[in-house]
Amino acid sequence: MLSTEAFRDAVINNSSASLAETLSDFEVVLLPDVSADEAQKVTVYLITYGNAVDYAKTSSGPNKPQKGMDVAERILDVQTPDQIYGNSIDGNSLWQRRDLPDPTADDLFQGSGRPSSNLYSGPEMLGALMGLEHLLSEQVAAGDANGFTYVAMTTDGRPERRAWWDTREGAGSDSLVGEAVPLLKKLGGDPITTSGLIYNQAGDAFYLEDNSGDLPWPVMQRQLNAALDAVAKQAACEDGLEVDVVAMGDDTDANFPAIYGDLFSDKTFDPSSGGWSYAVQDSYGLPEFDG
């Protein structure tokens, strides 16, 4: 049996891919003193954010407990687009469904020592967090936040999208108009046109305007934390909301201790008035990998 902390440590020390394979030998069972009538259904919402934000929902319960293991394996098996497709959009159905622009020669530039080209650089983190806020607000509105809610976020880079899709000056175009990558309707449907927040190599933060001239990141932050506060307030149990972030960083010369220190201590989650627990682990505070 693995607790949340033990499961997280297992991922850290074994890699998600190897642990996903190991989980195939596990069996999910109810505790001996818990009947099927008492056991509650667990619903998992999975938001992934590469060049577009994607979404999946699945549930497991006492009648089909093994489905919970399928959920865990699916989460652990998430791969970045460059790992799946290399430096190409061939076979990338998500790219085609969202009608994203065809790549140019500049999009395929690969620097020395870099694992992949620019094609899949820049995650849509702002959109993912806006989608999370939408799901949490819907949960509260439906009165479904009266149990336990667990929010887990994992990232391995900065909150910036591909520079030539962004609202940055000098982003490869004379125009500062950002490429609109809309969220799915289930995540609110907002047309994301900017990363909203970027960091330079030294870890200094800069807010960016969207195509309407507004600053969407601080708006998202206020709305997200208000939704988290509302979930915690509606929860029927003590410590009914837990938020965990694992910030691994990417393998560049950027100052990730400074970036993650600011991003996750000041500019994203704020549990100070909401009555919910919050923890951050970054790649500089994790134990050494085994093996």
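Which residues of α7 are buried? Start with the ground rules. The model is predicted, so local features need pLDDT of at least 70, side-chain atom pairs count only at pLDDT 80 or more, and totals for chains, interfaces and linings use all residues. Residues are numbered from 1 along each chain as its sequence is written, and side-chain values use heavy atoms, with hydrogens and water left out.

Now the helix. Helices (H or I, at least four residues) and strands (E, at least two) are DSSP runs, numbered from the N terminus. Buried means under 20% relative accessible area, exposed means over 50%, and partly exposed lies in between (1.4 Å probe, protein chains only). In α7, the buried residues are P216, W217, P218, M220, Q221, L224, N225, A227, L228, V231 and A232. These buried residues pack against α6 (125–141), β3, β6, β7, β8 and α8 (256–265).

Strands of a sheet pair through backbone hydrogen bonds, either parallel or antiparallel. Here three strands form an open sheet in the order β3-β8-β9, and the pairing is parallel. Two strands pair if DSSP finds at least two bridges between them. β3 and β9 (277–282) are the edge strands, each pairing on one side only. On average, neighbouring strands are turned by 10 degrees against each other, direction ignored. Seven bridges join β3 and β8 (residues 241–247) in the parallel sense. Y150 has E242 in β8 as its bridge partner. Helix α7 (residues 216–234) packs on this sheet and touches β3 and β8. The direction of α7 makes about 140 degrees with that of β8. Axes are lines fitted to C-alpha atoms, for helices over the stretch in contact, and angles run from 0 to 180 degrees between N-to-C directions.

R162 sits in the loop between β3 (149–155) and β4 (181–182). R162 is buried, at 1% relative accessibility. Contact means heavy atoms within 4.5 Å. Beyond four places in sequence, R162 touches N51, W95, D107, N118, L119, S121, G122 and R168.

G203 lies in the loop between β6 (197–199) and β7 (205–207). Is G203 buried or exposed? G203 is buried, with a relative accessible area of 11%. The C-alpha atoms of G203 and Y260 are 8.4 Å apart, although 57 residues separate them along the chain.
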